[in-house]
Amino acid sequence: MRNGGVSFWWQQVGLPSPADRLEGGTTCDVAIVGGGLTGLWTAYYLHEADPSLDIRVLEAEFAGFGASGRNGGWLSSELAGSAATYAAVAGEAGVQRLRAELRASVDEVVDVTDREGIDADVVRSGVLYVARSQAQAGRLAGELDARQVAERIRVAGALSGHFDPDCARVHPAKLVSGVARVVRERGVRIHEGTRVTSVGPGVVRTERGTVRAPVVLRCLEGFTAGLAGHRRDWLPMNSAIVVTAPLTDAQWDAVGWSGEELLGDEAHAYCYAQRTADGRIALGGRGVPYRFGSRTDVDGRTQDWTVESLRTTLTSLFPALEGIRFDHAWCGVLGVPRDWSASVSFDPATGLGHAGGYVGSGLTATNLAGRTLRDLVLGRSTDLTALPWTGHDVRRWEPEPLRWLGVHALYRLYRAADRREDAGLTRTSRIARVANRVAGR
């Protein structure tokens, strides 16, 4: 089994070498810090709206090195954050507007891949959520009974389910590399191998020179903590994924997964999975949730015990796959604000803006955030700029060691809650309710 090497997705298409490194100081109209999907979508839509803009994207490694090339491939309409948090700003109507825009963004991404010739193994297949305990069933309130769940996927112990059609399966590396290609073809320069050390009004300092621009946009998601002055803004939360060897026809028949729908559960320490285009199962979940001092992984390598934990999860879902070979494991970080809710912001007075904090639901949200940043930078007042995540402000995370102690205690509580519910508790565990209050979710 390969461990690390960024991700299985990148190993499939081939790891790119950083290109067009910054060589000394320069100026431009818009400097975007971060070459993931938030930064790339922002560049795409800004150039589309005003082709005269000189836009530069600054990336420490290569475009898509972070979560954009490591995720589970869920192009989902799932809310990126807490409905209660957004409702406190804009009421229930505001939450529904945000949900509607996220649903529309699934179609937008699919349309762009078609229009721009991006082959990202996209199948608009929906997602099946399953409940495997009475407590999970109460939270899910799904419309599918156990028999109807089994007709889609035979998940062991599934009591009920919910099918959401507003989701597509994608190949993450093919998607992000395709968007990067299109952006480059339109004349946007992506300076890879160019690590940014600090940002300020009108200036981006890198290890290879200084970029001066009236508009500076921070689009670093889980890597935000590595930027000077931003260590406590968003917490880099870890998620790990394994991918199996290709399943045989007999194995697919045994698990009953004949369609292309995504699969998730309703546990507190949840899992997520897809059937890949080449006939494997990619399954993700929490490993070590957080590294002391907001450190991030080294080239995607994850812990052996995390791999075994995910193996236990897989065989619990599908006992027929006991002993199946894992071909690859990796991990990555996602950005988590203190109130677990994403934000998109731009200050015309300073020219500084940012987007991110998607708490693991960013594959679709990055597209909506990119279009929202476009409107904010161009001074437009639109339906997007009126969404409840626009201008959303949140307090910083606690200093160490409180941050490390709190996050690790939090996930111990969630796992304890899952164990109690799996043992027969018929309602959501009080332990989980306490954990949610502590987390600010």
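**Salt bridges in close-up**

**View 1. R139 and E421 meet through their side chains in a salt bridge, 3.1 Å from N to O.** A salt bridge here is a side-chain nitrogen of Lys or Arg within 4 Å of a carboxyl oxygen of Asp or Glu. The pair links distant parts of the chain, 282 residues apart. R139 sits in helix α4 (residues 134-140), E421 in helix α10 (residues 402-422). Helices (H or I, at least four residues) and strands (E, at least two) are DSSP runs, numbered from the N terminus. E421 is buried at 2% relative accessible area, while R139 is partly exposed at 26%. Buried means under 20% relative accessible area, exposed over 50%, and partly exposed in between (1.4 Å probe, protein chains only).

The model is predicted: local features need pLDDT of at least 70, side-chain atom pairs count only at pLDDT 80 or more, and totals for chains, interfaces and linings use all residues. Residues are numbered from 1 along each chain as its sequence is written, and side-chain values use heavy atoms, leaving out hydrogens and water.

**View 2. R147 pairs with E151 in a salt bridge, with 2.5 Å between the closest N and O atoms.** Both lie in helix α5 (residues 146-152). They are four residues apart, so about one helical turn separates them. E151 is exposed, at 54%.

**View 3. R169 and E260 form a salt bridge, their closest N and O atoms 2.6 Å apart.** R169 belongs to strand β9 (residues 167-169); E260 lies in the loop between α7 (249-255) and β16 (262-265). The pair therefore ties together parts 91 residues apart in sequence. R169 is buried at 4%; E260 is partly exposed at 29%.

View 4. The salt-bridge count comes to 25.
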